Amino acid sequence: IATNFTIVNMWLVKKFNGASTIAVTTIICAVASIVAVAFGKSAVFVGAGAVFFIIINMVIGVQQKVMGDLATEETSELVSANYNSVDNLAAAFSALIAAYLYTMNTSFPFYLSAVSFVLAAAVAVILAKVMKTKETKE
């Protein structure tokens, strides 16, 4: 929670294109997910987990900026409501899927997390291109 209110997070939101920032930060989260289980050491697991949670909390503010940039004055409430609905639905399903995968192999949830974050980075890159095209037309 503290990372959401840091100067670094505010600087990221103001300085960089939100979608590009999401791409970089989600790749960091993917790497942290793999590193957490790859070495089999408790200290590495805790350190990678700390990096993951610091970065993912910074992503939240950037995601909100991207969603705000996509919304118009007429659609801001709808975009906000959809964002929150999808976020809550994803949290519920990801917890259930992770629990199921954990029963198969304790590393599987971390691997799925890494794959999910790589896919999120790809979507962010596509979104950055769409937003850049939109800005160029204006």
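1. A definition to begin with: a residue is called buried under 20% relative accessible area, exposed over 50% and partly exposed in between, using a 1.4 Å probe and protein chains only. This is a predicted model, in which local features need pLDDT of at least 70 and side-chain atom pairs count only at pLDDT 80 or more, while totals for chains, interfaces and linings use all residues. Residues are numbered from 1 along each chain as its sequence is written, and side-chain values use heavy atoms, leaving out hydrogens and water.

2. On the overall fold, the protein has five helices and zero strands, where helices (H or I, at least four residues) and strands (E, at least two) are DSSP runs numbered from the N terminus. Of the 138 residues, 28% are buried. Taking contact as heavy atoms within 4.5 Å, 73% of the contacts between residues at least 6 apart in sequence join residues at least 24 apart.

3. Next, the core. A nonpolar core here is a set of buried Ala, Val, Leu, Ile, Met, Phe, Trp, Tyr and Cys residues joined through side-chain atoms within 4.5 Å. The largest one has 18 residues, and I22, C29, F52, I55 and F117 have the most contacts inside it. Two or more residues come from each of α2 (18-38), α3 (42-70) and α5 (108-137).

4. Do look at the aromatic rings. Rings of Phe, Tyr and Trp (its six-membered ring) pair if their centres lie within 6.5 Å; planes under 30 degrees apart are stacked, over 60 edge-to-face and the rest tilted. There are three such pairs. F45 is partly exposed at 38% relative accessibility, and F110 is partly exposed at 23%.

5. F52 and F117 also pair edge-to-face, at 5.4 Å centre to centre and 80° between the planes. F52 is in α3 and F117 in α5, so this pair ties together parts 65 residues apart in sequence. F52 is buried at 15% relative accessibility, as is F117 at 14%. F52, F53 and F117 form one aromatic cluster.

6. Finally, what does the side chain of S33 make a polar contact with? The partner is the side chain of S113, at 3.0 Å. (A polar contact is a pair of N or O atoms within 3.5 Å; within protein, one must be able to donate a hydrogen and the other to accept it, and residues adjacent in sequence count only if both atoms are side-chain atoms.) S33 sits in α2 and is buried, with a relative accessible area of 4%.
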